[in-house]
Amino acid sequence: MIPAPFLLYLGHSVDPLAIKTSRGVAMFRREDCVGEFRHDDCPLTLDLPRLGMAEAVAAGARTLVLGIAGAGGKLGADLVADAAAALDAGLNVASGLHQRLRDEPRLAALALQRNLRLFDVRDPPSGLAVGKGFERPGNRLLTVGTDCSVGKMVTTIALTRALRERGLAADFRATGQTGVMIAGEGVAVDAVIADFISGAIEQLTPARTDGGWDVIEGQGSLFHPSFAGVSLGLLHGAQPKAIVLCDEPGRPHMRGIPGRRLPDLATCLEANLAAAQLTSPDVQAVGICLNTSGMAPNVGRNLCASTADALGLPCTDPVAFGVDAIVDQLCPSPSSRSTIASR
(Lines give C-alpha, C1' and ligand atoms only; values in the text may rest on other atoms or scores of the structure.)
Protein backbone atom coordinates (compact mmCIF):
# COMPACT_ATOMS: atom_id res chain seq x y z
CA MET A 1 0.00 0.00 0.00
CA ILE A 2 1.26 3.47 -0.88
CA PRO A 3 1.38 5.64 2.27
CA ALA A 4 -1.16 8.48 2.31
CA PRO A 5 -1.68 11.43 2.43
CA PHE A 6 -0.58 12.29 -1.11
CA LEU A 7 0.89 15.25 -2.94
CA LEU A 8 -0.32 14.96 -6.54
CA TYR A 9 2.10 15.84 -9.31
CA LEU A 10 1.14 17.90 -12.35
CA GLY A 11 4.63 19.15 -13.16
CA HIS A 12 4.87 20.99 -16.47
CA SER A 13 1.79 19.30 -18.01
CA VAL A 14 -0.42 21.24 -20.41
CA ASP A 15 -2.55 18.36 -21.74
CA PRO A 16 -5.53 17.56 -19.46
CA LEU A 17 -5.42 13.90 -20.57
CA ALA A 18 -1.80 13.63 -19.44
CA ILE A 19 -2.70 14.16 -15.77
CA LYS A 20 -5.42 11.51 -15.67
CA THR A 21 -3.73 9.57 -12.87
CA SER A 22 -3.48 12.58 -10.57
CA ARG A 23 -7.02 13.57 -11.54
CA GLY A 24 -8.34 10.09 -10.83
CA VAL A 25 -6.73 9.95 -7.40
CA ALA A 26 -8.08 13.44 -6.63
CA MET A 27 -11.56 12.40 -7.73
CA PHE A 28 -11.85 9.11 -5.87
CA ARG A 29 -9.44 9.51 -2.93
CA ARG A 30 -9.69 13.23 -2.32
CA GLU A 31 -9.67 12.77 1.44
CA ASP A 32 -6.12 11.42 1.07
CA CYS A 33 -4.81 14.37 -0.99
CA VAL A 34 -3.23 17.37 0.72
CA GLY A 35 -2.28 19.32 -2.38
CA GLU A 36 -0.89 19.47 -5.90
CA PHE A 37 2.61 20.24 -7.15
CA ARG A 38 2.90 22.13 -10.43
CA HIS A 39 5.38 24.44 -12.08
CA ASP A 40 4.51 27.96 -13.18
CA ASP A 41 4.11 26.91 -16.84
CA CYS A 42 1.41 24.35 -15.97
CA PRO A 43 -2.07 25.82 -16.59
CA LEU A 44 -3.89 22.82 -15.10
CA THR A 45 -5.23 22.35 -11.60
CA LEU A 46 -7.13 19.79 -9.56
CA ASP A 47 -8.50 22.53 -7.29
CA LEU A 48 -6.21 21.43 -4.49
CA PRO A 49 -3.79 23.69 -2.60
CA ARG A 50 -0.65 24.35 -4.61
CA LEU A 51 2.25 23.23 -2.43
CA GLY A 52 5.99 22.90 -2.67
CA MET A 53 7.66 19.73 -1.44
CA ALA A 54 8.55 21.04 2.02
CA GLU A 55 5.11 22.65 2.39
CA ALA A 56 3.47 19.34 1.55
CA VAL A 57 5.51 17.52 4.20
CA ALA A 58 4.53 20.17 6.74
CA ALA A 59 0.87 19.62 5.72
CA GLY A 60 1.21 15.90 6.43
CA ALA A 61 1.93 14.44 2.98
CA ARG A 62 3.86 11.16 2.94
CA THR A 63 4.04 10.35 -0.79
CA LEU A 64 4.47 12.30 -4.03
CA VAL A 65 2.32 10.64 -6.69
CA LEU A 66 3.78 11.18 -10.15
CA GLY A 67 0.31 11.07 -11.62
CA ILE A 68 1.07 11.95 -15.21
CA ALA A 69 1.07 9.63 -18.21
CA GLY A 70 2.25 9.86 -21.77
CA ALA A 71 3.01 7.55 -24.64
CA GLY A 72 5.92 5.31 -23.74
CA GLY A 73 5.71 6.04 -20.01
CA LYS A 74 9.25 7.43 -19.66
CA LEU A 75 10.80 9.38 -16.81
CA GLY A 76 11.97 12.70 -18.20
CA ALA A 77 14.75 14.76 -16.65
CA ASP A 78 12.21 17.11 -15.09
CA LEU A 79 10.37 14.22 -13.39
CA VAL A 80 13.63 12.82 -12.03
CA ALA A 81 14.62 16.25 -10.67
CA ASP A 82 11.23 16.76 -9.01
CA ALA A 83 11.20 13.23 -7.59
CA ALA A 84 14.66 13.84 -6.15
CA ALA A 85 13.44 17.07 -4.56
CA ALA A 86 10.53 15.16 -3.03
CA LEU A 87 12.85 12.55 -1.54
CA ASP A 88 15.13 15.30 -0.20
CA ALA A 89 12.08 16.83 1.50
CA GLY A 90 11.13 13.50 3.09
CA LEU A 91 8.46 12.15 0.74
CA ASN A 92 8.13 8.66 -0.67
CA VAL A 93 7.55 8.66 -4.44
CA ALA A 94 5.01 6.60 -6.41
CA SER A 95 4.84 6.32 -10.18
CA GLY A 96 2.71 4.52 -12.73
CA LEU A 97 5.14 5.03 -15.60
CA HIS A 98 6.69 2.16 -17.54
CA GLN A 99 10.22 3.33 -16.71
CA ARG A 100 10.86 2.29 -13.13
CA LEU A 101 11.83 4.72 -10.40
CA ARG A 102 14.12 2.11 -8.88
CA ASP A 103 16.10 1.94 -12.13
CA GLU A 104 17.07 5.60 -11.88
CA PRO A 105 20.35 5.53 -9.87
CA ARG A 106 19.93 9.00 -8.42
CA LEU A 107 16.49 8.21 -7.03
CA ALA A 108 17.45 4.76 -5.77
CA ALA A 109 20.41 6.19 -3.89
CA LEU A 110 18.38 9.02 -2.37
CA ALA A 111 15.59 6.69 -1.26
CA LEU A 112 18.12 4.41 0.45
CA GLN A 113 19.89 7.34 2.07
CA ARG A 114 16.64 8.87 3.36
CA ASN A 115 15.05 5.54 4.34
CA LEU A 116 12.14 6.22 1.99
CA ARG A 117 10.36 4.05 -0.58
CA LEU A 118 9.91 4.13 -4.34
CA PHE A 119 6.65 2.59 -5.56
CA ASP A 120 6.52 1.38 -9.17
CA VAL A 121 2.83 0.66 -9.71
CA ARG A 122 3.35 -0.84 -13.17
CA ASP A 123 5.11 -3.89 -11.79
CA PRO A 124 3.16 -6.96 -12.96
CA PRO A 125 2.58 -9.71 -10.41
CA SER A 126 4.86 -12.72 -10.46
CA GLY A 127 3.77 -16.24 -11.22
CA LEU A 128 1.30 -15.42 -13.98
CA ALA A 129 0.02 -18.23 -16.19
CA VAL A 130 -1.21 -18.02 -19.75
CA GLY A 131 -4.97 -17.73 -20.12
CA LYS A 132 -7.01 -20.83 -20.87
CA GLY A 133 -10.46 -19.39 -21.51
CA PHE A 134 -12.24 -22.18 -19.66
CA GLU A 135 -15.70 -21.23 -18.41
CA ARG A 136 -15.70 -20.06 -14.80
CA PRO A 137 -18.65 -19.09 -12.59
CA GLY A 138 -19.44 -15.53 -11.69
CA ASN A 139 -20.77 -12.22 -12.97
CA ARG A 140 -18.19 -10.06 -14.70
CA LEU A 141 -18.67 -6.72 -16.43
CA LEU A 142 -15.96 -5.14 -18.57
CA THR A 143 -15.83 -1.55 -19.76
CA VAL A 144 -14.51 -1.03 -23.29
CA GLY A 145 -13.82 2.11 -25.28
CA THR A 146 -13.67 3.79 -28.64
CA ASP A 147 -10.25 5.20 -27.65
CA CYS A 148 -7.87 5.63 -24.74
CA SER A 149 -8.82 7.93 -21.85
CA VAL A 150 -12.53 8.13 -22.63
CA GLY A 151 -13.81 7.34 -19.12
CA LYS A 152 -13.54 3.58 -18.70
CA MET A 153 -12.09 3.77 -15.18
CA VAL A 154 -14.60 6.37 -13.99
CA THR A 155 -17.45 4.30 -15.42
CA THR A 156 -16.14 1.13 -13.78
CA ILE A 157 -15.95 2.73 -10.35
CA ALA A 158 -19.38 4.35 -10.75
CA LEU A 159 -20.93 0.99 -11.66
CA THR A 160 -19.22 -0.73 -8.72
CA ARG A 161 -20.55 1.83 -6.27
CA ALA A 162 -24.06 1.72 -7.76
CA LEU A 163 -24.19 -2.07 -7.51
CA ARG A 164 -23.16 -1.89 -3.86
CA GLU A 165 -25.88 0.67 -3.23
CA ARG A 166 -28.36 -1.91 -4.56
CA GLY A 167 -27.14 -4.33 -1.89
CA LEU A 168 -25.06 -6.52 -4.20
CA ALA A 169 -21.46 -7.56 -3.67
CA ALA A 170 -19.31 -5.76 -6.24
CA ASP A 171 -15.57 -5.37 -6.63
CA PHE A 172 -13.69 -2.83 -8.73
CA ARG A 173 -10.92 -4.70 -10.54
CA ALA A 174 -8.22 -2.21 -11.48
CA THR A 175 -6.15 -2.85 -14.60
CA GLY A 176 -4.33 0.47 -15.02
CA GLN A 177 -1.95 2.51 -12.92
CA THR A 178 -4.58 5.04 -11.87
CA GLY A 179 -7.05 2.36 -10.85
CA VAL A 180 -4.39 0.50 -8.88
CA MET A 181 -3.49 3.68 -6.98
CA ILE A 182 -7.15 4.27 -6.19
CA ALA A 183 -8.01 0.70 -5.22
CA GLY A 184 -4.70 -0.16 -3.59
CA GLU A 185 -4.58 -3.38 -5.60
CA GLY A 186 -4.96 -4.72 -9.12
CA VAL A 187 -2.70 -5.38 -12.08
CA ALA A 188 -1.37 -2.81 -14.56
CA VAL A 189 -2.14 -4.99 -17.53
CA ASP A 190 -0.18 -2.95 -20.07
CA ALA A 191 3.00 -3.94 -18.22
CA VAL A 192 2.24 -7.65 -18.52
CA ILE A 193 4.05 -9.70 -21.19
CA ALA A 194 1.60 -10.18 -24.05
CA ASP A 195 1.34 -13.96 -23.68
CA PHE A 196 0.12 -13.55 -20.10
CA ILE A 197 -2.45 -10.73 -20.44
CA SER A 198 -5.54 -12.92 -20.53
CA GLY A 199 -4.13 -15.12 -17.77
CA ALA A 200 -3.48 -12.09 -15.58
CA ILE A 201 -7.13 -11.07 -15.87
CA GLU A 202 -8.32 -14.62 -15.16
CA GLN A 203 -6.20 -14.46 -12.00
CA LEU A 204 -7.53 -10.99 -11.10
CA THR A 205 -11.16 -12.14 -11.48
CA PRO A 206 -11.38 -15.76 -10.34
CA ALA A 207 -14.61 -17.74 -10.14
CA ARG A 208 -17.18 -16.38 -7.69
CA THR A 209 -20.47 -17.88 -6.52
CA ASP A 210 -21.91 -15.16 -4.30
CA GLY A 211 -24.09 -13.56 -6.98
CA GLY A 212 -21.91 -10.45 -6.92
CA TRP A 213 -20.04 -8.72 -9.71
CA ASP A 214 -16.43 -8.21 -10.69
CA VAL A 215 -16.46 -4.85 -12.48
CA ILE A 216 -13.33 -4.77 -14.60
CA GLU A 217 -11.61 -1.59 -15.79
CA GLY A 218 -10.99 -1.67 -19.53
CA GLN A 219 -7.86 -0.40 -21.27
CA GLY A 220 -7.20 1.12 -24.68
CA SER A 221 -9.42 0.29 -27.63
CA LEU A 222 -9.67 -2.46 -30.23
CA PHE A 223 -9.52 0.36 -32.78
CA HIS A 224 -6.32 2.00 -31.48
CA PRO A 225 -3.32 0.62 -33.40
CA SER A 226 -0.99 1.18 -30.45
CA PHE A 227 -3.00 -0.52 -27.72
CA ALA A 228 -5.48 -2.92 -29.32
CA GLY A 229 -3.46 -5.93 -28.17
CA VAL A 230 -4.01 -5.09 -24.51
CA SER A 231 -7.72 -4.51 -25.15
CA LEU A 232 -8.09 -7.90 -26.83
CA GLY A 233 -6.28 -9.73 -24.04
CA LEU A 234 -8.57 -8.08 -21.51
CA LEU A 235 -11.68 -9.13 -23.43
CA HIS A 236 -10.56 -12.75 -23.51
CA GLY A 237 -9.35 -12.94 -19.90
CA ALA A 238 -12.33 -11.11 -18.43
CA GLN A 239 -14.80 -13.56 -19.93
CA PRO A 240 -17.43 -10.85 -19.42
CA LYS A 241 -21.11 -11.52 -19.05
CA ALA A 242 -21.77 -7.82 -19.75
CA ILE A 243 -20.00 -5.01 -21.62
CA VAL A 244 -20.39 -1.24 -21.29
CA LEU A 245 -18.99 0.92 -24.10
CA CYS A 246 -17.37 4.27 -23.22
CA ASP A 247 -16.81 7.25 -25.50
CA GLU A 248 -15.93 10.95 -25.44
CA PRO A 249 -18.14 12.62 -28.09
CA GLY A 250 -16.45 15.12 -30.34
CA ARG A 251 -12.91 13.83 -29.99
CA PRO A 252 -11.24 14.76 -33.31
CA HIS A 253 -8.90 11.77 -33.61
CA MET A 254 -7.46 8.79 -31.78
CA ARG A 255 -5.28 9.88 -28.90
CA GLY A 256 -1.76 10.44 -30.15
CA ILE A 257 -2.62 9.70 -33.81
CA PRO A 258 -3.81 12.84 -35.65
CA GLY A 259 -5.79 11.94 -38.73
CA ARG A 260 -7.06 8.59 -37.45
CA ARG A 261 -10.76 8.85 -36.71
CA LEU A 262 -12.56 7.09 -33.89
CA PRO A 263 -15.00 4.31 -34.83
CA ASP A 264 -18.71 4.93 -34.60
CA LEU A 265 -20.36 3.45 -31.52
CA ALA A 266 -22.26 0.67 -33.29
CA THR A 267 -19.16 -0.57 -35.12
CA CYS A 268 -17.06 -0.48 -31.96
CA LEU A 269 -19.67 -2.29 -29.92
CA GLU A 270 -20.09 -5.00 -32.54
CA ALA A 271 -16.33 -5.61 -32.71
CA ASN A 272 -15.98 -5.88 -28.93
CA LEU A 273 -18.88 -8.30 -28.63
CA ALA A 274 -17.47 -10.46 -31.43
CA ALA A 275 -14.04 -10.59 -29.78
CA ALA A 276 -15.49 -11.33 -26.32
CA GLN A 277 -17.49 -14.27 -27.66
CA LEU A 278 -14.32 -16.36 -27.95
CA THR A 279 -14.41 -16.97 -24.18
CA SER A 280 -17.90 -15.72 -23.33
CA PRO A 281 -20.38 -16.80 -26.05
CA ASP A 282 -23.38 -15.26 -24.26
CA VAL A 283 -21.86 -11.82 -23.61
CA GLN A 284 -24.28 -8.91 -23.88
CA ALA A 285 -23.97 -5.15 -24.18
CA VAL A 286 -25.82 -3.46 -21.33
CA GLY A 287 -25.11 0.23 -21.82
CA ILE A 288 -23.20 3.18 -23.23
CA CYS A 289 -21.38 5.77 -21.12
CA LEU A 290 -20.44 9.14 -22.61
CA ASN A 291 -18.08 11.71 -21.18
CA THR A 292 -20.12 14.88 -21.75
CA SER A 293 -18.09 17.08 -19.40
CA GLY A 294 -17.32 19.47 -22.24
CA MET A 295 -21.00 20.07 -23.01
CA ALA A 296 -23.83 22.02 -21.45
CA PRO A 297 -25.93 19.66 -19.27
CA ASN A 298 -28.98 19.80 -21.53
CA VAL A 299 -26.86 19.06 -24.61
CA GLY A 300 -25.25 16.11 -22.90
CA ARG A 301 -28.57 14.75 -21.69
CA ASN A 302 -30.10 15.05 -25.17
CA LEU A 303 -27.12 13.29 -26.72
CA CYS A 304 -27.43 10.42 -24.23
CA ALA A 305 -31.14 10.12 -25.06
CA SER A 306 -30.58 10.08 -28.83
CA THR A 307 -27.73 7.58 -28.47
CA ALA A 308 -29.95 5.30 -26.39
CA ASP A 309 -32.65 5.46 -29.06
CA ALA A 310 -30.19 4.75 -31.86
CA LEU A 311 -28.51 1.75 -30.22
CA GLY A 312 -31.36 0.39 -28.13
CA LEU A 313 -29.28 0.50 -24.94
CA PRO A 314 -29.28 2.73 -21.84
CA CYS A 315 -26.91 5.64 -22.35
CA THR A 316 -25.68 8.05 -19.69
CA ASP A 317 -22.82 10.16 -18.43
CA PRO A 318 -21.79 8.34 -15.21
CA VAL A 319 -20.63 11.53 -13.50
CA ALA A 320 -23.34 13.93 -14.62
CA PHE A 321 -26.37 11.63 -14.69
CA GLY A 322 -25.48 8.45 -12.80
CA VAL A 323 -25.61 4.83 -13.96
CA ASP A 324 -28.94 3.59 -12.58
CA ALA A 325 -30.34 2.78 -16.02
CA ILE A 326 -27.41 0.46 -16.71
CA VAL A 327 -27.47 -1.15 -13.26
CA ASP A 328 -31.15 -1.89 -13.85
CA GLN A 329 -29.96 -4.30 -16.57
CA LEU A 330 -27.76 -6.16 -14.07
CA CYS A 331 -29.79 -6.38 -10.88
CA PRO A 332 -32.65 -8.79 -10.23
CA SER A 333 -35.82 -6.94 -9.33
CA PRO A 334 -39.52 -7.83 -8.99
CA SER A 335 -40.36 -5.80 -12.11
CA SER A 336 -37.48 -7.20 -14.20
CA ARG A 337 -37.03 -10.92 -13.83
CA SER A 338 -34.99 -11.37 -16.99
CA THR A 339 -31.75 -9.73 -15.95
CA ILE A 340 -28.15 -10.39 -16.94
CA ALA A 341 -27.28 -11.74 -13.50
CA SER A 342 -30.02 -14.32 -13.59
CA ARG A 343 -29.21 -15.70 -17.04
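Helices H7 and H8 cross in a right-handed manner; a crossing is right-handed if the near helix is turned clockwise from the far one by less than a right angle, and left-handed if anticlockwise. Helices (H or I, at least four residues) and strands (E, at least two) are DSSP runs numbered from the N terminus. This is a predicted model, in which local features need pLDDT of at least 70 and side-chain atom pairs count only at pLDDT 80 or more, while totals for chains, interfaces and linings use all residues. Residues are numbered from 1 along each chain as its sequence is written, and side-chain values use heavy atoms, with hydrogens and water left out.

H7 covers residues 197–204, and its axis lies 7 Å from that of H8 at an angle of about 40°. Axes are lines fitted to C-alpha atoms, for helices over the stretch in contact, and angles run from 0 to 180 degrees between N-to-C directions. H7 and H8 are therefore oblique to each other; under 35 degrees counts as roughly parallel, over 145 as roughly antiparallel, 65 to 115 as roughly perpendicular and the rest as oblique. On the H7 side the contact (heavy atoms within 4.5 Å) is made by Ile197, Ser198, Ile201 and Glu202, and on the H8 side by Gly229, Val230, Gly233, Leu234, His236, Gly237 and Ala238. Sorted by class, this contact has five nonpolar, five polar and one charged residues. Ala, Val, Leu, Ile, Met, Phe, Trp, Tyr, Cys and Pro count as nonpolar, Asp, Glu, Lys and Arg as charged, and the others, Gly among them, as polar.

H8 (residues 228–238) also packs with H9 (residues 265–276), their axes coming within 9 Å and crossing at roughly 50°. This pair is therefore oblique as well, and H8 passes H9 in a right-handed crossing. Leu232, Leu235 and His236 of H8 meet Asn272, Ala275 and Ala276 of H9. The contact of H8 with H9 has four nonpolar, two polar and no charged residues.

The next topic is the stretch from Thr175 to Gln177. Thr175 is in the loop between E7 and H6, and so is Gly176, with strand E7 at 170–173. Gln177 lies in H6, which runs over residues 177–183. Buried here means under 20% relative accessible area, exposed over 50% and partly exposed in between (1.4 Å probe, protein chains only).

| Residue | Relative accessible area | State |
|---|---|---|
| Thr175 | 0% | buried |
| Gly176 | 4% | buried |
| Gln177 | 6% | buried |

Leaving aside neighbours within four places in sequence, Thr175 is in contact with residues including Val187, Ala188, Ile201, Glu217 and Leu234. The C-alpha atoms of Thr175 and Glu185, 10 residues apart along the chain, are separated by 9.2 Å.

Helix H3 (residues 77–89) has 13 residues and reaches 18 Å from its first C-alpha to its last, close to the 18 Å expected at 1.5 Å a residue. The expected span is 1.5 Å times one less than the number of residues. Its buried residues include Leu79, Val80, Ala83, Ala84 and Leu87, and Asp82 and Ala86 are buried too. Just after H3, Gly90 has a positive phi of about 105°.
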